[in-house]
Amino acid sequence: MNIVNAENKFAICPESSLVLGVNTSFSTYLWSTGATTPTITVTTPNTYSVKVTASNGCELTDSQEVTGLTAPSVTATATPDQINEGESSQLAATGLLDY
């Protein structure tokens, strides 16, 4: 039994969420958050664990670290930086790989 998510990524961006679950169905679930559902939604970096019980009474435990990603620093500039109505300006952004 492993803790998984749809993207198989365990890093979270600021102000976003990540759904964690297990890769097999069990009778009961107890997450470190206190949740007793097959999946949990997390919004902060932490190490999350789950204790599950199979239909035969066997208990298994797993944990997964969720790391935090820093927010990018993006700078946008306009050339020229001031325009009159009807004129145009070219915008450029730096700080991200894709934009």
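Reader: What is the strand order in the open sheet of four strands, and which kind of pairing does the sheet have?

Author: This is a predicted model, and in it the order runs β2-β7-β6-β4, with mixed pairing.

Reader: What makes β2 and β4 the edges?

Author: Each has a single partner strand, so one side of each is left without a neighbour in the sheet.

Reader: How do you know that β2 and β7 pair, and in which sense?

Author: Pairing takes at least two bridges between the strands. β2 and β7 (residues 59-68) have two bridges, in the parallel sense, so they pass that cut-off. In one of the bridges, Ile-12 has Gly-68 of β7 as its partner.

Reader: How many helices and strands does the protein chain have?

Author: Zero helices and nine strands. Along the sequence that reads β-β-β-β-β-β-β-β-β.

Reader: Why is the chain called more spread out than a compact globule?

Author: For 99 residues the globule rule gives 13 Å, but the radius of gyration here is 22 Å, well over that, so the chain is more spread out than a compact globule. As for its extent, the C-alpha trace spans about 75 × 20 × 20 Å along the principal axes. Of the 99 residues, 19% count as buried. The accessible surface comes to about 7,100 Å², with 49% of that belonging to carbon and sulfur atoms.

Reader: Which residues touch the most other members of the largest nonpolar core?

Author: Leu-20, Tyr-29, Trp-31 and Val-50, out of 15 residues in that core. The elements giving two or more residues to this core are β3 (18-22), β4 (28-31), β5 (39-42) and β6 (46-53).

Reader: What is Leu-20 in contact with, leaving aside neighbours within four places in sequence?

Author: Quite a list: among its contacts are Ile-3, Phe-10, Trp-31, Pro-38, Ile-40, Tyr-48 and Val-66. Asn-5 is in there as well.

Reader: Why is Asn-5 called buried?

Author: Buried means under 20% relative accessible area, and Asn-5 comes in at 10%, so Asn-5 counts as buried. Asn-5 lies in the loop between β1 (3-4) and β2 (11-12). Not counting residues up to four places away in sequence, Asn-5 touches Phe-10, Leu-18, Val-19 and Leu-20.

Key
Residues numbered from 1 in each chain as written. Predicted model: local features only at pLDDT ≥ 70, side-chain atom pairs only at ≥ 80, totals over all residues. Heavy atoms only, no water. Rg over C-alpha atoms; globule rule 2.2 N^0.38 Å. Buried < 20%, exposed > 50% of the residue type's maximum accessible area, 1.4 Å probe, protein only. Areas by Shrake-Rupley, 256 points an atom, 1.4 Å probe, with all protein chains shown as cover. Core = buried A, V, L, I, M, F, W, Y, C linked by side-chain atoms within 4.5 Å. Contact = heavy atoms within 4.5 Å.
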